[in-house]
Amino acid sequence: MIRRRISPYRRLFLLLALSPLVGCASPEPDWYRLAVVPGPVRTPVTLRIDLRDVVVARALDQPGIAQATSDVRLMISNNQRWAAPLGDMVAEILAQDLEQRLPGGSVRRDMAPIMDAADVVMGVVLDRFEADAAGHAVLSAQLTLRLAGMRILRSCRVEVVIAPDGRSTAALVAALSLALGRVADRAASTLSITPAVDLP
């Protein structure tokens, strides 16, 4: 068998021709999910809470994790992604955070039948849920609690800034989970002192 020798110039040409193809290979993305963060347990209540209208700002409702690089520039990572749609994950974790803080109560994510009406309806509009330019986890949300008759019990802004325990994406997601727990803290604090006469 005769082997044809490849000249050094031809070898160099082949390497240069193949190098763009190697550079086109995209790394596999890393996937992250929010975690339940325990908080202060309030006076046991037997409220039925419907968690409705959990809305995430469109700029944040992306597969990639957001980081602000300035006041006007928001970068969405292609390689650091949420493991599920962000709105669904926020609602699921908020529900579990609330149930831990309000033992004896029940939290439902979907609208219940009329004959099984809730005592309280909770809504959250998430405007910021990202890393800021300094790497801090930032949450900004509008929290609304309504009684069964749709009378507003409380409507307030929740602003949270937390320094992650490190500069990794995992540390940022842990800090964002903690920030979401602060929203549950605010809701649980209000609901634990709601006078019984206000409830059905």
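User: In which strand does aspartate 53 lie?

Analyst: This is a predicted model, in which local features need pLDDT of at least 70, side-chain atom pairs count only at pLDDT 80 or more, and totals for chains, interfaces and linings use all residues. Residues are numbered from 1 along each chain as its sequence is written, and side-chain values use heavy atoms, with hydrogens and water left out. Strands (E, at least two residues) and helices (H or I, at least four) are DSSP runs numbered from the N terminus. On that numbering, aspartate 53 lies in residues 48-56, which form strand 2.

User: Is aspartate 53 buried or exposed?

Analyst: Buried means under 20% relative accessible area and exposed over 50%, with partly exposed in between (1.4 Å probe, protein chains only). Aspartate 53 has 58% relative accessibility, so the residue counts as exposed.

User: What is the phi of aspartate 53?

Analyst: Most residues other than glycine have a negative phi. Aspartate 53 is not a glycine, yet its phi is positive, at about 55°.

User: Is isoleucine 49 buried or exposed, and with which residues is isoleucine 49 in contact?

Analyst: Isoleucine 49 also belongs to strand 2. Its relative accessible area is 1%, so isoleucine 49 is buried. Contact means heavy atoms within 4.5 Å. With neighbours within four places in sequence left aside, the contacts of isoleucine 49 are Leu102, Ser106, Val107, Arg108, Val120, Met122 and Leu191.

User: What pattern does the protein chain follow along the sequence?

Analyst: The protein chain has three helices and eight strands. Read along the sequence, they give α-β-β-β-β-α-β-β-β-β-α.

User: How many Å apart are the end C-alpha atoms of helix 3?

Analyst: The expected span of a helix is 1.5 Å times one less than its number of residues. Helix 3 covers residues 169-192, and its 24 residues should therefore span 34 Å; the distance between its end C-alpha atoms agrees, at 34 Å.

User: How many residues of helix 3 are buried?

Analyst: In the protein chain, buried residues make up 40% of the 200 residues. Helix 3 is mostly covered, and of its 24 residues the buried ones number 18.

User: Is isoleucine 193 buried or exposed?

Analyst: Isoleucine 193 is in the segment after helix 3. Its relative accessibility is 65%, so isoleucine 193 counts as exposed.

User: Which backbone nitrogen does the side chain of serine 77 reach?

Analyst: Serine 77 is in strand 4, residues 74-82, and counts as buried because its relative accessibility is 18%. Leaving aside neighbours within four places in sequence, serine 77 is in contact with Gly64 and Ile65. At 2.9 Å, its side chain reaches the backbone nitrogen of glutamine 80.

User: Which residues lie nearest the centre of the largest pocket?

Analyst: Strand 3 (64-68), strand 4 and helix 3 each supply at least two residues of the lining of the largest pocket. The lining has 17 residues, and nearest the centre are Gln67, Ala131, Arg167, Ser168 and Leu172.

Notes. Polar contact = N/O pair within 3.5 Å; in protein donor to acceptor, adjacent residues only side chain to side chain. 1 Å grid on protein atoms, 1.4 Å probe; cavity = no way out; pocket = protein on both sides within 12 Å on 5 of 7 lines; lining within 4 Å.
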